[in-house]
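Student: I'd like to learn how to read this model, one feature at a time. Let's begin by looking at it together.

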Amino acid sequence: MSPTPLKLLLAVLTAFGFLTGCGGKHSNTMFPSVEISQLSSTKELAAYEGGKVTGAEFNRFLAVEGFLNPDAPLNDTSYRKELLRQLVMQKILISHLKTSDKVQKQVEDMWKQIKRSYNEDTRKQGYEVLNIRSSDVTNQLTNQFKLEEYFRKQITSDELTAYYKRIENDLTRVSFTQLAFSTLHDAAAAELQKGTSLQDVQKKYADVQTVSKIENADNLKLSSLSPSFIDVLKKQHIGESSKPIKMGKVYYILILKQKDKKTESEVKEEMMKELVLNHINRYIQDELPRFHVTFSLR
């Protein structure tokens, strides 16, 4: 589901996107090398009230990112800066978070997925190319799941319901027949709404002319339609003919054939993931500045 345009620059929880759904083992994975010329072990890349991020820490963070997501542009400057902001946020929050049984189970399940996706030789290749160990991956997965758990706990049922209402047009699919007319008076429209066939109406009212053939629209997202159509179809029942909808010089009548809408419970987990990203983004935008963070990554 891609409800609202939440195209965040943050590369948060990349493991969930890359590894979920991978079917077989990958023996030809090309892991990215990390350019570390400016990431020396002593260089301070970020400082904030209560701590700092060293080059060595960030290098390891980047490398694990490359293991979990081989397509990540690890040497892109903008990408690195966003990841560094993520790491600062993680260090600020993680010291106050405990590793719950749920988090441990999530890490174990993710490792099962990693082993289904990467065979042993591929994993060893990744460790060598990226200069990391399996424990580095485990630590980072643990931190990511702890962060996710932290932000999930902040999401209320009211927030979920409000979000569902905002995206319900994306969760509704409709099929309908569309009739378009260049002329359509009230009497003819009333006949069509009663269920009289188009052919019979045109025989009775010779001045009623269609401007195009009858068109069938099948299984379309409600949100993809014009606002005028959305307003009508949201309230319309299956089999009903709508009142005339005037758009420009054309009159439309819609006959609803099918309407399917996912319930809030059906999409709860997907909504939670989107809202977690919202909360993370909001934290970085609103809370991080309060720690007076300074960055030296160029």
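**Charged side chains**

Student: What is the relative accessible area of E120?

Tutor: E120 is partly exposed; buried means under 20% relative accessible area, exposed over 50%, and partly exposed in between (1.4 Å probe, protein chains only). Keep in mind that this is a predicted model, where local features need pLDDT of at least 70, side-chain atom pairs count only at pLDDT 80 or more, and totals for chains, interfaces and linings use all residues. Residues are numbered from 1 along each chain as its sequence is written, and side-chain values use heavy atoms, with hydrogens and water left out. For E120 the relative accessible area is 47%.

Student: Which residue meets E120 in a salt bridge?

Tutor: A salt bridge is a side-chain nitrogen of Lys or Arg within 4 Å of a carboxyl oxygen of Asp or Glu. The N to O distance is 3.5 Å, and the partner is K124.

Student: How many salt bridges does a search of the whole structure find?

Tutor: Another one joins K105 and D109 at 2.9 Å, N to O. Those two are 4 residues apart in helix α4 (residues 101-117), about one helical turn. There is also a network of salt bridges that links E148, R152 and E269. Over the whole structure, the number of salt bridges is 11.

Student: R85 and E82 meet in a salt bridge too, but which residue counts as buried at 17% relative accessibility?

Tutor: Their N to O distance is 3.6 Å, and they sit 3 residues apart in helix α3 (residues 77-94). R85 has a relative accessible area of 22%, so R85 is partly exposed. At 17%, the buried one is E82.

Student: Nice! Moving on to rings, how many aromatic pairs does the structure hold?

Tutor: Rings of Phe, Tyr and Trp (its six-membered ring) pair if their centres lie within 6.5 Å; planes under 30 degrees apart count as stacked, over 60 as edge-to-face and the rest as tilted. Ring pairs link F31, F67, Y118 and Y127 into a cluster. The number of aromatic pairs is 8.

Student: How far apart in sequence are the parts that the pair of F176 and F229 ties together?

Tutor: This pair is edge-to-face, at 6.3 Å centre to centre with 85 degrees between the planes. F176 belongs to strand β3 (residues 172-183) and F229 to helix α10 (residues 227-235), so the pair ties together parts whose separation in residues is 53.

Student: Last one: are helices α2 and α5 roughly parallel or roughly antiparallel to each other?

Tutor: Two packed helices are described by the angle between their axes and the distance between the axes. The axes of α2 (residues 55-68) and α5 come within 10 Å and cross at roughly 150 degrees. Angles under 35 degrees count as roughly parallel, over 145 as roughly antiparallel, 65 to 115 as roughly perpendicular and the rest as oblique. Therefore α2 and α5 are roughly antiparallel.

Methods:
Axes fitted to C-alpha atoms, helices over the stretch in contact; angles between N-to-C directions.
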